[in-house]
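Please keep the sequence and the model at hand while reading.

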Amino acid sequence: MLVSLILLLPLNLNSSNSINHLSDFKWKNRVLVVITDKKKDIQDLIKNYNIELDKREFLVIQFDGKKAFINDKKMSKRFSNSLQKKIRNIPQEIHFVLIGKDGKVKNLYSKNANVNEIFLEVDKMPMRINEMKRNLEND
């Protein structure tokens, strides 16, 4: 199960100490923040949607309100603070936060949201449309 987590990240797990800010992923990854203190939520999400997440260059971050985790690894306080600052004004019922490659919050979703809705929304974004066109040309 954890092997699939590694496939989503274009970073060396040993270098996570050098990741100090959410902006370190700007223009590299879309970010899906899952606000939960349950690791199983993240593991299930990645297990069930690994291919879709990978195709869309998603980085999945677990955030429990104070600490951020990537691949079950606790990120630095500085990184967690940058994430908290980005999503500080979201309503309590929000479970997913979609952040685009440009680093901007694109949408908020409740726990009842279907992850496929998030993928459909991403697939309508101009940057993603261009990525899909390039992928078709390269096939």
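This is a predicted model: local features need pLDDT of at least 70, side-chain atom pairs count only at pLDDT 80 or more; totals for chains, interfaces and linings use all residues.

Two strands are said to pair if DSSP finds at least two bridges between them. In that sense Val97 stands opposite Leu108 in E6, and strand E5, which covers residues 94-99, pairs with E6 in the antiparallel sense over 5 bridges.

**Overall make-up**

- The protein contains 5 helices and 6 strands, which follow one another from the N terminus in the order α-β-α-β-β-β-α-β-β-α-α.
- Of its 139 residues, 41% count as buried, while the accessible surface comes to about 8300 Å², with 50% of that area belonging to carbon and sulfur atoms.
- When contacts between residues at least 6 apart in sequence are considered, 60% of them join residues at least 24 apart.

**The sheet**

- The 6 strands form an open sheet with mixed pairing, in the order E4-E3-E2-E1-E5-E6.
- Strand E4 (73-74) and strand E6 (105-110) stand at the edges with a single partner strand each, so one side of each of them has no neighbour in the sheet.
- Strands of a sheet pair through backbone hydrogen bonds, in either a parallel or an antiparallel manner.

**The E5-E6 hairpin**

- E5 and E6 form a hairpin in which 5 residues lie between the two strands, and Gly103 in the turn has a positive phi of about 85°.
- Besides the Val97 and Leu108 positions, the bridges include one in which Leu98 has Asn107 of E6 as its partner.

**Helices against the sheet**

- Helix H2 (residues 39-55) packs on the sheet, where it touches strand E1 (30-35), strand E2 (58-63) and E5, and its direction makes about 170° with that of E2.
- Helix H3 (residues 77-86) lies across E1, E2, strand E3 (68-70), E5 and E6, and runs at about 95° to E2.

**Helix H2 in detail**

- The buried residues of H2 are Ile42, Leu45, Ile46, Asn50 and Leu53.
- An α-helix has 3.6 residues a turn, so residues three or four places apart point the same way.
- At 1.5 Å a residue, the 17 residues of H2 should span 24 Å, and the end C-alpha atoms are 23 Å apart, which agrees.
- Just after H2, Glu57 takes a positive phi of about 55°.

Methods. Residues are numbered from 1 along each chain as its sequence is written. Side-chain values use heavy atoms; hydrogens and water are left out. Helices (H or I, at least four residues) and strands (E, at least two) are DSSP runs, numbered from the N terminus. Buried means under 20% relative accessible area, exposed over 50%, partly exposed in between (1.4 Å probe, protein chains only). Contact means heavy atoms within 4.5 Å. Accessible areas come from the Shrake-Rupley method with a 1.4 Å probe; for residues, only the protein chains shown count as cover. Axes are lines fitted to C-alpha atoms, for helices over the stretch in contact, and angles run from 0 to 180 degrees between N-to-C directions. The expected span of a helix is 1.5 Å times one less than its number of residues.
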